[in-house]
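Trainee: Could we go through this model together, one question at a time?
Mentor: Gladly, let's have a look.

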Amino acid sequence: MDGVSPKFVLPETFDGVKMEITGQLGMIWELVKAPVIVPLLQLAVYICLLMSLMLLCERVYMGTVIVLVKLFWKKPEKRYKFEPIHDDEELGSSNFPVVLVQIPMFNEREVYKLSIGAASGLSWPSDRLVIQVLDDSTDPTVKQMVEMECQRWASKGINITYQIRENRVGYKAGALKEGLKRSYVKHCEYVVIFDADFQPEPDFLRRSIPFLVHNPNIALVQARWRFVNSDECLLTRMQEMSLDYHFTVEQEVGSSTHAFFGFNGTAGIWRIAAINEAGGWKDRTTVEDMDLAVRASLRGWKFLYLGDLQVKSELPSTFRAFRFQQHRWSCGPANLFRKMVMEIIRNKKVRFWKKVYVIYSFFFVRKVIAHWVTFCFYCVVLPLTILVPEVKVPIWGSVYIPSIITVLNSVGTPRSIHLLFYWILFENVMSLHRTKATLIGLNTKGLKKFPRIFKLPDRLNTLELGFAAFLFVCGCYDYVHGKNNYFIYLFLQTMSFFISGLGWIGTYVPS
């Protein structure tokens, strides 16, 4: 390379010597590969391996703790004081605390009857229960239908109110905050939140409220989601696998070890005093539920997760809706992490190890590293090493670690173990959007809108199609020149990106 003359790099127009553009590009590639490309790509490999080890340690830690919890930890009824609340002939219903039920809605044409009906059927004295339907709908027809449904239940003796706002400032957080301003709320001690597609069982309050009544240091009791449409299509099965790990492992471990976890935004009961002390609902991020939970935790409040208390709900069944949800769930935590990390560090009410857990485990590894390593390593760096064979990736980093992490992730949904391979490919596709959303959340300037150069049909997803093309090229190169047989994975991943790019996810999958 040292002996290469400049005339081979740039066309010698004065001498009449012309070189093919492809040849010039090839020569430039050879010139910059050794001093620039190889070191940078090798550094990227080391960074990805480090992130993989961090994620592996996190998964092993979570797996170890959950095994100990299942084998040796006492049930919540044994760890905390729990006494069922019964009807009293002398006191009547006065020994039951007044509970506020909030149901935020936005153009919920399909499910509004289910949530309102389930809330109205809760087994709790009617004079000690207040139901708020917080309707931010913009469709007048939907508004009318929801209001009529509320009136129908009110005519049956249910204390239910229908509330609308002049504007949608703060979105869900704004609606919940506005609902708590009503004068009658001062008589309520607890508030339970159900999104419009959630259907609690009648005994929900009787199984959860006693923990709050008899343990004044508990601010939140969170129930588990149970998905009624998980068998609808392949997309919902993939979502179930991811969320079951979250509820089976992550929430359980956080509750058992540090009495902290992120509020899921629905199917949870808050002590209203804790909400007020934490500063109330805020709309500064897209995860107002997690924001409130972190602020309440920093003030010394404890949370309790009840895995046996399940509430029926529905999963997004269209890829468009799922992408939007995942963007919000990825961007919001990263943005909240950026805004609160120093507040967590400076806090004096929380012990040191809980700070470590919240900052490192809860936020950094699960909300940032988990997305980055999945996308950067398996969708970018690993394919690039095929084009630059001088960069080596150890087999323990490319095969063994991801295999162990995948197996540990699968414990939440053993019935879907046969779909594990499809789930891996699907998660790699979604890591593209989660990584992008995380970077937006960490950006101090907030969300940026990028113009679309080419206007394509809404069904087509250009990012997925672009990566499908990239991975296909890498796969073809590895098939011709490679030695590690990565092309098998690359072609399968290409198909996953291509199918997602065309918006074809949603095929029915039999049980």
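Mentor: One definition to start: a salt bridge is a side-chain nitrogen of Lys or Arg within 4 Å of a carboxyl oxygen of Asp or Glu. Please keep in mind that this is a predicted model.

Trainee: Thanks! How far apart are the closest N and O atoms of Arg-415 and Asp-231?
Mentor: A salt bridge needs the nitrogen within 4 Å of the oxygen. Arg-415 and Asp-231 form such a bridge, and their closest N and O atoms are separated by 2.9 Å.

Trainee: How is the protein chain divided into domains?
Mentor: Domain 1 is made of two pieces, 30-73 + 339-510. The other part, 97-317, is domain 2. Taken over C-alpha atoms, the distance between the centres of domain 1 and domain 2 is 31 Å. In short, the division is domain 1 (30-73 + 339-510) and domain 2 (97-317).

Trainee: How much area do domain 1 and domain 2 bury between them?
Mentor: The size of an interface is often given as the accessible area lost when the parts come together. Here 44 residues of domain 1 touch 36 residues of domain 2, and 3 salt bridges are counted between the two domains. Carbon and sulfur atoms carry 63% of the buried area, which totals about 3,700 Å².

Trainee: Which parts does the salt bridge between Asp-195 and Lys-172 tie together?
Mentor: The side chains of Asp-195 and Lys-172 meet at 2.9 Å, N to O. Because Asp-195 lies in the loop between strand S4 (190-193) and helix H6 (204-214), while Lys-172 belongs to helix H5 (residues 171-179), the pair ties together parts 23 residues apart in sequence: the S4-H6 loop and helix H5.

Trainee: What span should helix H10 have, and how far apart are its end C-alpha atoms?
Mentor: H10 has 28 residues (319-346), so at 1.5 Å a residue it should span 40 Å. There is a bend of about 50° at Met-340.

Trainee: What is the helix content of residues 400-426?
Mentor: UniProt, in an unreviewed entry, lists residues 400-426 among its "transmembrane region" spans, which also include 43-73. Residues 43-73 are 97% helix, with end C-alpha atoms 43 Å apart. For residues 400-426, the ends lie 19 Å apart and the helix content is 63%.

Notes: Residues are numbered from 1 along each chain as its sequence is written. This is a predicted model: local features need pLDDT of at least 70, side-chain atom pairs count only at pLDDT 80 or more; totals for chains, interfaces and linings use all residues. Side-chain values use heavy atoms; hydrogens and water are left out. Helices (H or I, at least four residues) and strands (E, at least two) are DSSP runs, numbered from the N terminus. The expected span of a helix is 1.5 Å times one less than its number of residues. The bend at a residue is the angle between axes fitted to the seven residues ending there and the seven starting there. UniProt positions are given in the numbering used here, feature names are shortened, and annotations may be inferred rather than shown by experiment. Domain bounds come from an automatic or database domain assignment. Contact means heavy atoms within 4.5 Å. Buried area is the accessible area (1.4 Å probe) that two parts lose on being put together, summed over both.
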